Amino acid sequence: MQSKHAAFHLAAAGVLSLALAGAAQAQYKEGDVKGGGSIAGAIKFDGAAPAPKVFSVNKDKEVCGKSPIRDESLLVKGGGVVNVVVSLKGVASGKKWSTLPKAELDQKGCVYHPRIVVTKAGEDVTVLNNDNILHNVHTHPEKTGNPVANIAQPKFRKKLTLAKRYFAKPGIVKLTCDVHDWMAGYAVIAENPYVAVTGEGGKFEIKDVPAGSYTLEIWHEKLGMKSQKVEVKAGAPTAVNVSLK
Ligand SMILES: [Cu+2]
């Protein structure tokens, strides 16, 4: 498939429901992928990069105020959008789940690292607290149908295991902290391991895809969701370049 440049705008509202449309799909099966293809490209930002915004830290200044906390809800670096979730839908079988890193995020300087964590549906998510202050993990399941977690993580609790029941159903769950209102992160509960999160330049790559036709979903917390058809050929890269605004 050739490169595509498609500009679109979508309100963030209503986006989560679309992202969850695959919930009823058949269970993904692990197997060996021989001669798979790949999907690679970049998610660009159509327009001028938004001016950087810094939150005013009004709580636990000695820890949270050590370095400025930037608003990373729309982060454009090198012309591309960082923290865009790119996922492949309709994959019946393919590479092993173990190709995804274990879902773990840290609270450091009162910021979630990483902002977006990917997990297999029905797995625990680990939340570390390296700040030596109280945080509180609050999940917002939106339309996933997962239960809400609202768990205090005192300074002595360096590691919190968020139980798998909070991540039983696929979709996107937002994480916030009731102590520090600027803290925001997302757990992407995946149906299959073909999920990538964009880095600098908006770049991403999804490897070892069995040849076939799929739908690629592109989701960003502020810019909304877009999906497009993608044709993957055996042993060949497929370029997908999209602009968001
Ligand atoms: Cu906090």
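Analyst: Start with burial: a residue is buried under 20% relative accessible area, exposed over 50% and partly exposed in between, with a 1.4 Å probe and protein chains only. Tyr28 is buried, with a relative accessible area of 9%, and Tyr194 is buried at 0%. This is a predicted model, where local features need pLDDT of at least 70, side-chain atom pairs count only at pLDDT 80 or more, and totals for chains, interfaces and linings use all residues. Residues are numbered from 1 along each chain as its sequence is written, and side-chain values use heavy atoms, with hydrogens and water left out.

User: How is a pair of aromatic rings described?

Analyst: By the distance of the centres and the angle of the planes. Rings of Phe, Tyr and Trp (its six-membered ring) pair if their centres lie within 6.5 Å; planes under 30 degrees apart are stacked, over 60 edge-to-face, the rest tilted. The count here is three aromatic pairs. One of them joins Tyr28 and Trp97 edge-to-face, at 5.8 Å centre to centre and 80° between the planes. Tyr28 and Tyr194 are also edge-to-face, at 6.4 Å and 80°. Tyr28, Trp97 and Tyr194 form one aromatic cluster.

User: In what order do the four strands of the open sheet lie?

Analyst: Strands (E, at least two residues) are DSSP runs, numbered from the N terminus, and two strands pair if DSSP finds at least two bridges between them. The order is β17-β6-β19-β20, with antiparallel pairing. β17 and β20 (224-232) are the edge strands, each pairing on one side only. Strand β19 (residues 212-220) pairs with β20 over nine bridges.
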